[in-house]
Amino acid sequence: MSERSKHISSSFDAALYNLRNDVLMMSSLTDRMFQTAVDGLLNRESDLCSQVVADDDEIDILEKKVDMDGINLLVRFQPVASDMREVISAMKISTSLERIADQSVTIARRAKRLNARPATRELALLEPPYRSALVIFRDSIRAFADGDCEHARTLKLKDRELDTLVDEVTEKLSERVAQESEFVTSYLDLIFIARAFERIGDNSANIAEDSFWRDQAEDIRHSYGQKKEQ
C-alpha cells in the first residue's frame with residue numbers, strides 16, 4: 001500500500017470511529033432521557049420532565065452532526081461494501097435515536113400534565129410496558145455496539161410482545177374512561193404514554209435491523225411478518 005493510500009485509509013478509519021462514537025453518545029443521552037422521563041412520571045417530579053425537554057436540543061444537534069459527517073464520508077471516500085454499510089447504518093440509527101428521544105419528550109410532557117392533577121392508581125399499569133421498552137432499547141444498542149447479530153434477530157419478537165402489553169393497557173384504560181368520566185383526561189394521557197412506549201419499541205427494533213444489515217449485508221425488515229406503520 002502506498003503512503004497516500006495508507007493516509008486515506010487512516011483518515012477514513014478515524015472519521016468512521018468518530019461517527020460511531022457520536023451515535024453511541026446519542027444512545028447514552030437517549031437512554032438517560034427515557035429513564036428520566038419515566039422517573040418524572042412515576043415519582044411525580046416535574047423538574048425531571050423539564051430536564052428531558054431541555055436535553056432534546058442536544059439530541060437534535062447530534063443527529064444533524066451524524067448526518068453531515070456521514071454524507072461527507074460518503075462523498076470524500078466513496079466507501080463500498082462493509083465500509084459503506086457502516087456509514088449508512090450509523091445515519092439511519094441516529095434517526096431512530098432521535099425519534100426515541102422525541103417519544104421521551106412526549107412522555108415527559110404528558111407526565112407534567114398528570115403531575116398537576118391528583119394521582120391515579122392506574123399509573124401502575126404502565127410499568128410492565130415501560131420495562132419491556134427499556135429492555136428492547138438497551139438490547140438494540142448492545143446489538144449495534146457489539147455486532148451481536150443473533151441477538152438483533154430476537155428484538156422484533158420482543159417488540160411484538162411489547163405491542164401486546166400496550167394493547168392490554170390501552171384496553172383497560174379505555175374501560176376506565178367509560179366508568180370514571182372525571183378522570184378521562186388523565187386516562188387519555190396514560191394511553192398516549194403507553195403508545196410512546198410502543199413507538200420506542202418499534203424504533204429500537206429498527207436499530208437492531210440496521211445493525212444486522214451493517215454486519216451481515218442482509219435486510220431482515222419484513223422478513224418475519226409485516227412491519228408496523230411508524
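Student: What pattern does the protein follow along the sequence?

Tutor: Reading along, you get α-α-α-α-α-α, with helices being DSSP runs of H or I, at least four residues, numbered from the N terminus. This is a predicted model, where local features need pLDDT of at least 70, side-chain atom pairs count only at pLDDT 80 or more, and totals for chains, interfaces and linings use all residues. Residues are numbered from 1 along each chain as its sequence is written, and side-chain values use heavy atoms, leaving out hydrogens and water.

Student: Why is the pair of F34 and Y130 called edge-to-face?

Tutor: Rings of Phe, Tyr and Trp (its six-membered ring) pair if their centres lie within 6.5 Å; planes under 30 degrees apart are stacked, over 60 edge-to-face, the rest tilted. The F34 and Y130 centres are 5.4 Å apart and the planes sit at 80°, so edge-to-face it is.

Student: What makes this pair tie together parts apart in sequence?

Tutor: F34 lies in helix α1 (residues 3-42) and Y130 in helix α4 (residues 127-146), so the parts tied together are 96 residues apart in sequence.

Student: How do you know whether F34 is buried or exposed?

Tutor: Buried means under 20% relative accessible area, exposed over 50%, partly exposed in between (1.4 Å probe, protein chains only). F34 has 0%, so F34 is buried. Y130, at 12%, is buried too.

Student: And what kind of aromatic pair do Y130 and F197 form?

Tutor: A tilted one, with 6.0 Å centre to centre and 45° between the planes. F197 belongs to helix α6 (residues 184-216), 67 residues from Y130. Together, F34, Y130 and F197 make one aromatic cluster.

Conventions: Helix = DSSP H or I, 4+ residues; strand = E, 2+ residues; numbered from the N terminus.
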